[in-house]
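Hello,

Here is the structure for you to look over. My notes on what turned up follow below it.

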Amino acid sequence: MARSLIHDLGQQRRESVVNQPPIGPLVFFENLLGAGVARGTPLLFATLGEVLAERSGVLNLGVEGMMLLGAASGFGVAHLTGSAALGLLAAMTASALLSLIHALVSVTLTADQVVSGLGLGFFGAGLASVVGADLVGLSNVPRFPAFELAGLSSIPLLGPALFGQNVVVYLGFLLVALCWFYLYRTRIGLELRAVGESPAAADALGIGVSRLRYGHVALGGALAGLAGASLSLAITPGWVDGMTSGQGWIAVGLVIFGGWDPLRAALGAYLFGAIRRLPLDLQGVQSLPLFHNPNLGYFLDMLPYVSTVLVLVLAGATRLRRRMGAPAALGQPFVRGERGR
Amino acid sequence: MAQAPVVRLRSLSKHFGTVHAVDRVDLDLYPGEVHALLGENGAGKSTLMCMLAGLYRPDAGHLEVHGKPVSFHSPRDAMAASIGMVHQHFMLVPTLTVWENVLLGGGLPPLLRPKRAAAQVQEAAQRLGLRVDARAQVGDLGVGEQQRVEILRVLMRGVRIMILDEPTAVLSPGESEALFATIRTLCEQNCTIVLISHKLEEVRRAARRITVMRRGRSVATFDDPMESTARELAAAMVGEEVSLELHRGEPVPGDVLLEVRQLEVRSDRGLPAVRRIDLQLRAGEILGLAGVAGNGQVELMEAIAGLRPVEGGDLKLCGQSATRLSSRQRAELGLRFIPEDRTHTGTAPSLSVLENMVLRRYRGRGPWLRLDALRSRCQQQIEQLQIATSGPEQAARLLSGGNLQKVILARELDPDQARVILALHPTRGLDARATAQIRQLLLDARRTDPARGGHPARPAAILLWSEDLEELLALSDRLAVINAGRIVHTVRHGEADLPTVGRWMTGSSTEPEAARAD
Amino acid sequence: MRIELRPRLRVSTRLTLVTSAGAVVVALLLGGLLLWAAGVDPIAALRAIFSASLFGGAYALSDTTVKATPLLLCGLGCLLAFRARLWNVGAEGQLLLGAWAATGVASFWLPPDLPAPIMLVLMALAAMVAGGLWAGICGALRAFWGVNEIISSLMLVYIAQKLLNYFIFGAWSEGGFPLTPVFPQSAWLPRLSDWAQRFPALSGLTVHLGIVIGLLFCFLVWLLVQRSVWGFELRVLGDSPRAARYIGLPVERRMLVTMLLSGALAGLAGMVEVAGVVHRLQDRFSPGYGFVAIAVAWLARLNPWGVLLGAFLFAALLVGAKEVQPGGISMMLQGVVMLTVVAGDFLLRYRFHRAPLQEAGSGQELDS
């Protein structure tokens, strides 16, 4: 947020791509798919986390801050302990704990969830800045390894792109499946869905509304932390103030685009990962005018953000016809038997 | 009554703030009986039963089930004691399927097996004689079927003592009959049913014993309902020989204030809801719309009010063509609307009582807001209508439903400006006194009788829809029956009785014609 | 005798002030704790912050006022939108667009020898139009397509930043540096230090006319929101769009107009900042005023004069934050303030009550 938003990592990347030899369309597509999946993974984690939180009826707008915190703390702990895995754990814990504040304010104190989430986001971003102040530019921090999945990676076209990735990407695949299963095939998932739609009904049936909400806000926070750590310890890697550049916000938009469903959210996240990558790849194509006019790069950088807005317009237009909409109780505090809220 | 009571409530009390919702109530329930809890709205019937069902914790008193003292901390505990409640506002999750709703919170395994669970629910429904489709989405179901899902849910939990809170409030006469048949079957299986209702006749027919509650207290128990007269029951409910008689007066029909021609309106889902309706409403009369909920009444009223687009036909207000006018312009012509949703449509919850009362007349001559001038008038109306509030500055959302409705009525039944009033079930959820008051207000709004104070200078015309058929018959000068978006019958006050109108509403007698109602 | 929570029936202004002030105090305490955890002496840090900003004499006050000006204008813009329950969190983007438009007028689109008042007025108008339209996009998207304005306005912040980068680093760049050419003199907002030759005491005081503009708009917004029919209708709209529609307000149009006005004020903040402080468009001229303004508006409980106070408070934190290492603390404090204020809302809705059981009240209708 704030001034750190303006810094653009992509700027650095651009220079390195421009000087590479021209590539054919197949390779272009492979690169795009692979990079899309890789870059989409942090988005995926954040989106899945927010899906879970919103399914319980709580809107958490602090995702960006939680991601930044996860990135900084994960990086820092990995540096301190020499273990990327510990860094990851630390990131998830820190973000989860912080989200609990939001849960306390929104669920127990029934305060306005928008402002609370925004406040949380500011806090998280600021804290990340503080935590990461001495971490900028460190280079020999342990990171997650990339490895090929033998056999699968030799599938033509898709193989290298999908199965020659960093381990966090595989974690992402796993998490999508787990999330889907959790939401639709477990009892808790059913209770979660009930709580988000009709907390009064769930409460009357003896389901602990507050408990579920706290739990899933924390879980959402943990996943946002995971998202940040996957950025700083795998995908980027490294730490720079404000390195998420709004991906947390894109994740919130993707939740809407994905209709609060893990599979569609995954699709959206990978799509957006590709969109973030696209400008860089396009600039390597000498036959396009982009190659020759560096100024167009600024406009290409807008692509993910413009796409998010477009995607929201689409989602809004079609939602009236589709059944899948927001959880009915999203953003509304629940108090048993209280009149007038 | 040779058997022992299966449930004993002794001295049960519950209060919210300073108000005692339930005050030292004793009650005995015997196996195999239908026990009715009769009382006006606000008497405490639901609150009492919510304590039995584990939703509320009693502040005093104790409960005994099968002779053993119990203390429920949650609905789950009550279920464990075979006690379950079917609420007035269904506790169903619309986006989940029937089987998911039925089994929710009731011992599902950690990993779900949808096919097996759906089959289980379907089989149980068949066994219990309840017609439901286990795989349907609850949001798609009609009201009667949703109620069956609720009943199925409590039965599948092994509930033997079932509490039904105002079950027929949303049912058509035919569906009510089906419900009572189900209740009879259950009683034959030695279940105990508690029927909460404010409908005298229904309770007399269906229940073996009746306990009347008033203001949180149990005031009388009638062991043989057919022996006691309706008068006795009503007296017990209201507490005095209050004549609930309304002064109808002799209204003189005046000019046509509202004219609707071949109106076509669509529902929210895009389906036709109003199919070429013709209406004429004259000053000085109440035209009642009788119809089962969902037959186009709401869409019709909203279209006339300008809150819903009109697909075809036109309408005239006070002689002027109004089809293209905005709702504000129609309001300026004298149209007023009492909506169904009083908490978020009829009032702005965080605004004060004063601000809500002036929502039709806050615009002055300039751009500046002058509420002070309107404050004394607001205070007057608060006193006149006996609105229980700490003052004009209180936030509207803190008012109870009945008082909120009075605020809306104070605003909409403005004698100076209201010419055509559209009212959607204006007495829903109000206690008997307030209900009588409001009914009288509606009747008075259409008359100019110098002998009764506070009358309008010019009589208004009222279009009224109510789910309470008795109310409609009592208030309407003319009654139009609406079915599937068409007006199928029109009668004058006193020409048809309740069962006949009920039949017309469900379309089970003559062929519906696109009749003109004038 | 038991203690229970009951809805509060009436909220006095005094209580609102007390809770807001209390929230700030709690926030500062928490901030102090954070500083202590970061290894900084909290008392010294807080003292440093306040002496550098509010209590350090004329220079400190001048610096704080300069920072408070864009916060005030943005905060007023946020206030308008929030009152309609339109969460315009993209004020930063609208501010940037306003600055851009003002720069365009000053340096590129109009002759530089225009008389100063005309130039400044045109710059202000351009900024308000640009900022207004930028917010208007979100308003239209929300009103007519139901697009969540939080996300759309935020996305537009990022887009605005990229757009400005194009001009600052590219099209309008002076000599390849991330700066545009300096504005002509006619495009500089007058400052106190302009009269330093005649009044030496004024030298170094960079406070500029922007604060007067800010105060003016503070008054105008107050008139609009508290005293006018339009403001009343805005409140109805924010409280319940269904009720607003029911009484015949053109809901979509109002949403759009509100966003236009909100963005216009934020755009004006951008103009005031470039015309009063840096006198050119440059990279990172705004430390996130638009975002801080959200916290300001919320702390002020959507009251214009509260926004004035809040703007100064947060400006003090911004000025003083330079004294405190590490950076990022001020953003944390913003977050904490928002959290404490919104948590404190709880006390405005409920009160603790010692309840002796009393006799029944009137036979009011409850949930049957």
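**Around A:Gly65**

Leaving aside residues up to four places away in sequence, A:Gly65 touches A:Leu120, A:Gly121, A:Phe122, A:Phe123, A:Gly124 and A:Ala125. Keep in mind that this is a predicted model. A:Gly65 sits in helix 3 (residues 63-81) of chain A.

**Chain A overall**

Chain A has 14 helices and two strands. Of its 341 residues, 56% are buried. Take the contacts in chain A with a separation of 6 or more: 80% of them join residues 24 or more positions apart.

**Where the chains meet**

Start with chains A and C. Chain A puts 44 residues into this contact, and chain C puts in 41 residues. On the side of chain A that touches chain C, the elements giving two or more residues are helix 4 (84-108), helix 5 (113-131), helix 11 (247-257), helix 13 (296-301) and helix 14 (303-319) of chain A. Which helix of chain A gives the most to that side? Helix 5 of chain A does, with 13 residues. By class, the side of chain A that touches chain C holds 31 nonpolar, ten polar and three charged residues.

Now chains A and B. Here 21 residues come from chain B and 16 residues from chain A. The side of chain B that touches chain A has 15 nonpolar, three polar and three charged residues.

**Nonpolar cores**

The largest nonpolar core has 297 residues. Those with the most contacts inside it are C:Leu71, C:Cys74, C:Ala102, C:Met123, C:Ala275, C:Ala293 and C:Val296. Domain 3 (252-334 + 419-439 + 461-518) and domain 4 (352-417) of chain B both give residues to this core, so the core lies between them. For C:Ala102, again not counting residues up to four places away in sequence, the residues touched are C:Met123, C:Ala126, C:Ala127, C:Gly270, C:Met271, C:Val274 and C:Ala275. A second, separate core has 88 residues, including A:Ala194, B:Met51, B:Leu55 and B:Ile161.

**Domains of chain B**

**Strands of chain B**

First, strand 17 (residues 420-424) of chain B. Five of its five residues are buried, so strand 17 is largely enclosed by the rest of the structure. B:Val420, B:Leu422 and B:Leu424 point one way from strand 17 of chain B, while B:Ile421 and B:Ala423 point the other way; all are buried.

Which way do its partners run? Strand 16 (residues 335-338) of chain B runs parallel to strand 17 of chain B, joined by four bridges. In that pair, B:Leu335 stands opposite B:Val420. Strand 18 (residues 461-465) of chain B is also parallel to strand 17 of chain B, with five bridges. There, B:Leu422 stands opposite B:Leu463.

Next, an open sheet of four strands in chain B. Its order is 12-11-14-15, and the pairing is antiparallel. Strand 12 (272-282) and strand 15 (320-321) of chain B are the edge strands, each pairing on one side only. Strand 14 (residues 310-317) and strand 15 of chain B are antiparallel over two bridges. B:Lys316 stands opposite B:Ser321 in strand 15 of chain B.

**Confidence**

The model scores ipTM 0.85 and pTM 0.84. Chain C has a mean pLDDT of 87, with 94% of its residues at 70 or more. Within chain C, confidence is highest in helix 10 (residues 251-278), at 96, and lowest in strand 1 (residues 2-7), at a mean of 69. Residues 358-368 of chain C have pLDDT below 50, and this stretch has 38 contacts in the model beyond near neighbours in sequence. Where pLDDT is low, the predicted coordinates should not be read in detail.

Best wishes

Methods
Residues numbered from 1 in each chain as written. Chains lettered and ligands numbered in written order. Predicted model: local features only at pLDDT ≥ 70, side-chain atom pairs only at ≥ 80, totals over all residues. Contact = placed C-beta atoms within 7 Å. Nonpolar A, V, L, I, M, F, W, Y, C, P; charged D, E, K, R; others polar. Core = buried A, V, L, I, M, F, W, Y, C linked by C-beta atoms within 7 Å. Buried ≥ 20, exposed ≤ 12 C-beta atoms within 10 Å, placed from the backbone. Domains from an automatic or database assignment. pLDDT = per-residue confidence, 0-100. Pairing = 2+ DSSP bridges.
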